[in-house]
Amino acid sequence: MDLLNLIKDAGVIGAGGAGFPTHAKLTSKAEYLLLNGAECEPLLRVDQQLMKLFPDEIIRGMEAAGRYIEARKAILGIKGKHKEVIVLLRERIAALGLSNYMEVMELRDIYPAGDEQVLVHELTQRIVPEASIPLKVGCVVINTETALNICNAMAGNPVTETYITIAGDIPQRMTVKVPVGISIRDVIEQCGVQDIADYAIIDGGPMMGSVMNDVEGYVTKKSKGYVLLKKDHFLIRKKSVSLNRARIIGKTACEQCRMCTDLCPRYLLGHNMQPHKVMRALSYNLDDVKEQQIAQLCCECNACELFSCPANLHPKSVNILYKQKLAEQGIRYQPIQIDFQARSARDHRLIPSKRLVIKIGLTAFDKPAPMKQVEFRPEYIQIALRQHIGAPATPVVGIGDQVKAGQLIGKIPDNSLGATVHSSLDGTVIEIKDNSIVIKVGSYV
Ligand code: SF4
Ligand code: SF4
């Protein structure tokens, strides 16, 4: 079977991002295969540890993807501060005889180094055009865990596990491997907190993750981390502001200093993303939504809301509001430029990760979260049929069916973009919902 079909059958998707199906991403040829090992979200510690634990597998997965798309070079981007891992990766690339094809490049410790478009520029000096994708400038980007999953797929192993950092204001920070479909509560209980009700939990990194309403959800292939903070922590208060409240505050308080624009990573790449203009439209009640198309250029990195704005306003949320209005009216941003140059001030306006961590009140929690072996024994797992971009998987099992770990339980609908899903543990299917399959664990005979 060729690589693409192995990846497709294994249900590999972008681990950590939006979950774009990897087999679909690798259908195009490109000059560079880039591995995103930036892990720029504060407190998350997955990628840096995976590269240390599984260097050969990640290198092999990356090489296979690169050769498949006929890339002339594969570049692994990792922050220069991870010196030990960088030495190891370079040693293993040489030992595997790949020095002519693969290179490790050191990234600056900035936020958001892992934004796909920032990464492309940092590694290749190219700029992805507005509202476009890296392929447009000859690059395909995959994530560290995705490269590991590609290597596993080559051995016939589907994606049934994911790695998660549990971090924040807790006694035991750690990174664990968990079965996909396990309850988030089961994962969080590992961190030593007596009463979870005292905490608010961010699903994902502190910058782009959102505050969860409850812990009754289930882990997906994209889950990367849970950050637990006291409910009165600055980040929780800030992230809990509703879009409507953000609109009302922004309307009255924006002083048009344009710091949000001057430090916006997309603006600094030469794009026309200028959040202060969107804020101005809000202040002046400008109803012509079409004029606010630039809001669609926002990658929602949250730098403007959590770092740049001196008035503590919510430009990202206002962008989201306008994005919603534009989508309702079916309006899509039309670029007026083809070629882009990074702004001359870019190098002086990058956001140092250390300063960001101080600004968002996480210094005390910016500690290691070492990989820990935990054997999870859940009673049930709930496997989402849509953990990815595209159509939900179609169940191929019925209620009462016994399934084994790694068994296909949902296939890609015909002629659709999507990803397969597999059971992560042995058990019996007890319920098939619109969006998930529930399995009682352990009753397979
Ligand atoms: S940084 Fe804040 S106050 Fe300044 S223009 Fe942007 S939203 Fe307005
Ligand atoms: S969230 Fe703010 S800083 Fe980030 S891309 Fe959007 S406007 Fe720019």
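A residue counts as buried under 20% relative accessible area, as exposed over 50%, and as partly exposed in between. With 28% relative accessibility, Glu 31 is therefore partly exposed. The structure described here is a predicted model.

Glu 31 takes part in a salt bridge with Arg 126, and the closest N and O atoms of the two are 2.9 Å apart. Arg 126 lies in the loop between α6 and β5 (139-143), and Glu 31 in the loop between α2 and β1 (32-37), so the pair ties together parts that are 95 residues apart in sequence. Arg 126 has a relative accessible area of 25% and is thus partly exposed as well.

The structure holds 25 salt bridges. Side chains of opposite charge can pair when their charged atoms come close. One of the bridges joins the side chains of Lys 25 and Glu 116, at 3.6 Å from N to O. Because Lys 25 lies in helix α2 and Glu 116 in helix α6 (residues 116-124), this pair ties together parts that are 91 residues apart in sequence. Lys 25 is partly exposed at 26% relative accessibility, and Glu 116 is partly exposed at 29%.

Another salt bridge is formed by the side chains of Arg 108 and Asp 347, with 3.2 Å between N and O. Here the loop between β3 (102-107) and β4 (110-111) supplies Arg 108, and the loop between α15 and β11 (351-352) supplies Asp 347, so parts that are 239 residues apart in sequence are tied together. Arg 108 is partly exposed, its relative accessible area being 35%. Arg 108 and Asp 347 also belong to a network of salt bridges that links them with Glu 122 and Arg 346.

The ligands come next. Around ligand 1 there are 13 residues, of which Cys 254, Cys 257, Arg 258, Cys 260 and Cys 309 come nearest. The elements that give two or more residues to this shell are α11 (259-262) and α13 (275-283). By class, the shell around ligand 1 has nine nonpolar, two polar and two charged residues.

Ligand 2 has a shell that includes Cys 264, Cys 298, Cys 299, Cys 301 and Cys 304, as well as Pro 265, Pro 275, Glu 300 and Lys 316. Two or more residues of this shell come from each of α14 (303-308) and α15 (315-328). The shell around ligand 2 divides into eight nonpolar, two polar and two charged residues.

In helix α13, Pro 275, His 276, Val 278, Met 279, Ala 281 and Leu 282 are buried. These buried residues pack against α10 (243-253), α11 and α15. Just after α13, Asn 285 takes a positive phi of about 55°.

The loop between α14 and α15 holds His 314. With a relative accessible area of 4%, His 314 is buried. Leaving out residues up to four places away in sequence, His 314 touches Lys 238, Val 241, Ala 246, Ile 249 and Glu 305.

Gly 66, in helix α4 (residues 55-68), is buried with a relative accessible area of 0%. Apart from neighbours within four places in sequence, Gly 66 is in contact with Leu 33, Ala 71 and Tyr 101. Between Gly 66 and Leu 33 the C-alpha to C-alpha distance is 5.2 Å, while they are 33 residues apart in sequence.

Phe 20 is found in the loop between α1 (3-10) and α2 (22-25), and at 32% relative accessibility Phe 20 counts as partly exposed.

Definitions and conventions: Residues numbered from 1 in each chain as written. Chains lettered and ligands numbered in written order. Predicted model: local features only at pLDDT ≥ 70, side-chain atom pairs only at ≥ 80, totals over all residues. Heavy atoms only, no water. Near = heavy atom within 4 Å. Helix = DSSP H or I, 4+ residues; strand = E, 2+ residues; numbered from the N terminus. Nonpolar A, V, L, I, M, F, W, Y, C, P; charged D, E, K, R; others polar. Buried < 20%, exposed > 50% of the residue type's maximum accessible area, 1.4 Å probe, protein only. Contact = heavy atoms within 4.5 Å. Salt bridge = Lys/Arg side-chain N within 4 Å of Asp/Glu carboxyl O.
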